[in-house]
Amino acid sequence: HWMHAHVHGSTAPQVRNGMAGALILKGATDQWLADSYGIKGDKEKIMLIQQLENSDGDPLCGNSVAGTPITNSINGQCLPTITVTEKDVHHWRLIHTGVSATVNFNIEDSKSNKLDFVEYARDGINLGKTNQPNGNMVALYPGYRSDILFKVPAIKDLRVDRDPCPLYVVDGYSTAKES
């Protein structure tokens, strides 16, 4: 779940400026993920996806190397670094705390190949199964939440010959690497 201000007339401006937070209720599913896949500590990430902008509409994150505006941040950071180890399974809790645009969440390697992940919960409700998203992309509308499991591929499977190997969390409709 997530929280934000509800003062009449100030909700959207406050959320647009990053005033939102996560509420995580842990239970049997979390224990099962820890026991079955070793998901605990840094293998569990809470990602508040925010769309921060100035009052004139310019993105606060600036532009990517390619010059494309970066419209999304994760936990208030533009282009954050998330360190993972190959073959580990990660649990990412995605929370779209923006107020207007849809985020089409996907994970890509440095050659723009979309990587597989599965969704097992949406809006705080366990789906009872894992779901391979269509096109390896989860559509997150403002206020939506999604829990995904992501197995980090082996570097050799990514067709790159360097370590560390960059992976990117990308808004699927953007041509810029978001983070």
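Q: Which residues have the most contacts inside the largest nonpolar core?
A: Those are W92, L94, F105 and I107, in a core of 16 residues. Keep in mind that this is a predicted model.

Q: And which elements give two or more residues to this core?
A: Strands do: β3 (44–50), β5 (89–96), β6 (103–109), β9 (138–140) and β10 (145–151). The most comes from β6, with three residues.

Q: OK, what is F105 in contact with, leaving aside its neighbours within four places in sequence?
A: Quite a list: I49, W92, L94, F117, N136, M137, V138, L140, I148, V169 and V170.

Q: Which residues does the second, separate core include?
A: I39, V89, Y120 and L149 are among its six residues.

Q: Switching topic, what's the volume of the second largest pocket?
A: About 320 Å³. The lining has 20 residues, and the closest to the pocket centre are L25, R93, G124, I125 and D147.

Q: How do the residues of that lining divide into nonpolar, polar and charged?
A: Nine are nonpolar, six polar and five charged.

Q: Zooming out, what does the secondary structure of the chain come to?
A: Two helices and 11 strands. Along the sequence, the pattern reads β-α-β-α-β-β-β-β-β-β-β-β-β.

Q: How many of the residues count as buried?
A: 40% of the 179 in the chain. The chain exposes about 9800 Å², with 51% of that supplied by carbon and sulfur atoms.

Notes
Residues are numbered from 1 along each chain as its sequence is written. This is a predicted model: local features need pLDDT of at least 70, side-chain atom pairs count only at pLDDT 80 or more; totals for chains, interfaces and linings use all residues. Side-chain values use heavy atoms; hydrogens and water are left out. A nonpolar core is a set of buried Ala, Val, Leu, Ile, Met, Phe, Trp, Tyr and Cys residues joined through side-chain atoms within 4.5 Å. Buried means under 20% relative accessible area, exposed over 50%, partly exposed in between (1.4 Å probe, protein chains only). Helices (H or I, at least four residues) and strands (E, at least two) are DSSP runs, numbered from the N terminus. Contact means heavy atoms within 4.5 Å. On a 1 Å grid over the protein atoms alone, a cavity is a set of points where a 1.4 Å probe fits but cannot get out, and a pocket is an open set with protein on both sides within 12 Å along at least five of seven lines; lining residues have an atom within 4 Å of a point. Grid points are joined across faces, edges and corners, and a volume is the space filled by probe spheres set on the points. Ala, Val, Leu, Ile, Met, Phe, Trp, Tyr, Cys and Pro count as nonpolar, Asp, Glu, Lys and Arg as charged, and the others, Gly among them, as polar. Accessible areas come from the Shrake-Rupley method with a 1.4 Å probe; for residues, only the protein chains shown count as cover.
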